[in-house]
Amino acid sequence: MKKILITGSSSGIGKIAAETLKSAGYKIFQTGRKKLDVENYLSIDLSDPKNAFELYTFVKENFGEIDVLINNAGEYLYSPIDKMKLDDIIKVFNSNFLSHYYLTTLVVPYMKQNKFGRIVNIASISGVVGEANASLYAATKSAYYGFSKSLALELAEFNITVNSISPGWVETPLTNGALNEEEKSETLDIIPQKRFIEPVEIANLIKYLISNEAKGITGQNINLCAGLSCGC
Ligand code: NAD
């Protein structure tokens with residue numbers, strides 16, 4: 001049974017992805033900031049990349065080596081650039097990208113040795129089309145595009161695929177924290193399909209990308225955004 005580590009799966013997209021993949025027969029290890037008393041779960045703060053090593057060591061000892069890594073944990077920060085604080089810049093970059101980059105360095109040696117691996121990065125449509133007052137968030141997410149392409153090339157001969165998914169607005173606690181009711185309705189107005197993406201749609205795409213059927217898809221970014229990336 002393939003083993004999956006999915007970061008940031010105490011809520012939102014990650015939680016639904018964990019449930020979906022568990023139902024599909026995978027063995028799942030979950031993380032989140034919340035303390036939860038459940039099996040195969042570690043509460044860990046990924047705003048410090050050194051904690052990625054603690055996470056990897058814990059997972060290896062208590063769950064085993066990882067076949068599939070879903071780099072999902074992330075946070076949103078909406079602020080004009082001249083109001084950004086250095087501590088926030090470091091925190092959001094660490095949480096959204098650097099800790100996951102480091103975690104990937106730790107899981108890849110086993111994948112190479114095992115000649116199998118799947119890495120899926122949850123980026124964002126904000127990194128594809130840009131979002132005013134979200135330059136930091138967008139930068140942490142577009143970092144995944146160069147990362148995915150380069151790593152896909154490096155690992156192709158080992159039967160390891162690396163891809164990104166860029167969701168548009170998904171209805172989760174992150175969105176609910178970022179938008180009030182009025183902003184939600186304004187946001188719906190500019191989404192071509194006039195709807196938020198459901199977390200299960202992201203979960204099903206992850207399920208496909210890690211399947212044997214998708215073994216030829218690597219180094220790609222897939223926009224799952226209800227049309228947001230198509231222009232206006
Ligand atoms: P969410 O707030 O519901 O869940 C985020 C998860 O990440 C939680 O488990 C949380 O504990 C974890 N997390 C956040 N910061 C962390 C940190 N510093 N250390 C450890 N864990 C941390 O959000 P979501 O909407 O499910 O978002 C999941 C991913 O999808 C994020 O990377 C987000 O940027 C991305 N995304 C979300 C949307 C959206 O509209 N919701 C759109 C595009 C991309």
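Helices here are DSSP runs of H or I with at least four residues, numbered from the N terminus. With that in hand, let's walk through this predicted model, starting at helix H3, which spans residues 86-114 and contains Ile-89.

Ile-89 belongs to a nonpolar patch on the surface, together with Leu-86 and Ile-90. The accessible area of the three residues together is about 260 Å². How does Ile-89 itself classify? Its relative accessibility is 31%, and partly exposed covers the range between under 20% for buried and over 50% for exposed, so Ile-89 counts as partly exposed.

Now turn to helix H8, residues 199-209, and its buried side. The buried residues of H8 are Pro-199, Ile-202, Ala-203, Leu-205, Ile-206 and Leu-209. Because they cover an arc of only 165° around the axis, they sit on the same side of H8. What covers them?

Our last stop is the aromatic rings. Searching the whole structure turns up 10 aromatic pairs. In one of them, the ring centres of Tyr-76 and Tyr-137 are 4.8 Å apart and the planes meet at 75°, so this pair is edge-to-face. The pair ties together distant parts of the chain, 61 residues apart: Tyr-76 is in the loop between E4 and H3, while Tyr-137 is in helix H5 (residues 135-155). Both tyrosines, Tyr-76 and Tyr-137, are buried.

Conventions: Residues are numbered from 1 along each chain as its sequence is written. This is a predicted model: local features need pLDDT of at least 70, side-chain atom pairs count only at pLDDT 80 or more; totals for chains, interfaces and linings use all residues. Side-chain values use heavy atoms; hydrogens and water are left out. Patches are made of residues with over 30% relative accessible area and no salt bridge: like charges are joined within 9 Å, nonpolar side chains (Val, Leu, Ile, Met, Phe, Trp, Tyr) within 5 Å. Accessible areas come from the Shrake-Rupley method with a 1.4 Å probe; for residues, only the protein chains shown count as cover. A salt bridge is a side-chain nitrogen of Lys or Arg within 4 Å of a carboxyl oxygen of Asp or Glu. Helices (H or I, at least four residues) and strands (E, at least two) are DSSP runs, numbered from the N terminus. Buried means under 20% relative accessible area, exposed over 50%, partly exposed in between (1.4 Å probe, protein chains only). The arc is that of the directions from the helix axis to the C-beta atoms. Rings of Phe, Tyr and Trp (its six-membered ring) pair if their centres lie within 6.5 Å; planes under 30 degrees apart count as stacked, over 60 as edge-to-face and the rest as tilted.
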